[in-house]
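The sequence and the model are shown first.

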Amino acid sequence: IHRDVLVDVVNYFVPDMFSPGEYIAHKQACSVIRRGSCWFKGQILVRDHVIGEDMILDSEHLRDSVFPKSLNYVEVMTLQR
């Protein structure tokens, strides 16, 4: 990817934070964990894991309906559709 394009995409990411026990329920967004950890489908997700990569799918029934639950304070960077 050309550097200018990458910089433009990065500028669309928005920071967000979740408290322990809160669900990270972004249906139309892709999030990258920057700090903290969460529980998702029997796995613990930590820094640099991606949540909601299926946001590119057009059909709602193809998207994942399960959302991760934060185990501690979780800081994410979110890209809205």
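## Nonpolar core

A nonpolar core is a set of buried Ala, Val, Leu, Ile, Met, Phe, Trp, Tyr and Cys residues that are joined through side-chain atoms within 4.5 Å. In this predicted model, the largest such core has 9 residues: F18, I24, I33, C38, F40, L45, I51, V74 and V76. At least two residues of this core come from each of the strands β3 (38-40) and β7 (74-80).

Which residues are in contact with C38, leaving aside its neighbours within four places in sequence? They are I24, I33, Q43, I44, L45, I51, P68, K69, S70 and L71. Of these contacts, I24, I33, L45 and I51 also belong to the largest nonpolar core.

The whole structure holds 6 salt bridges. One of them pairs R35 with E75, with 3.3 Å between the closest N and O atoms. R35 lies in strand β2 (residues 29-35) and E75 in strand β7, 40 residues apart. R35 is exposed at 55% relative accessibility, whereas E75 is partly exposed at 23%.

A salt bridge also joins R81 and D58, whose closest N and O atoms are 3.7 Å apart. Because R81 lies in the segment after β7 and D58 in the loop between β5 (50-51) and β6 (69-70), this pair ties together parts that are 23 residues apart in sequence. D58 is exposed, with a relative accessible area of 68%.

Within it, the side chains of D48 and R47 meet at 4.0 Å, N to O. D48 is partly exposed at 47% relative accessibility, and R47 is partly exposed at 48%.

Key
Residues numbered from 1 in each chain as written. Predicted model: local features only at pLDDT ≥ 70, side-chain atom pairs only at ≥ 80, totals over all residues. Heavy atoms only, no water. Buried < 20%, exposed > 50% of the residue type's maximum accessible area, 1.4 Å probe, protein only. Helix = DSSP H or I, 4+ residues; strand = E, 2+ residues; numbered from the N terminus. Contact = heavy atoms within 4.5 Å.
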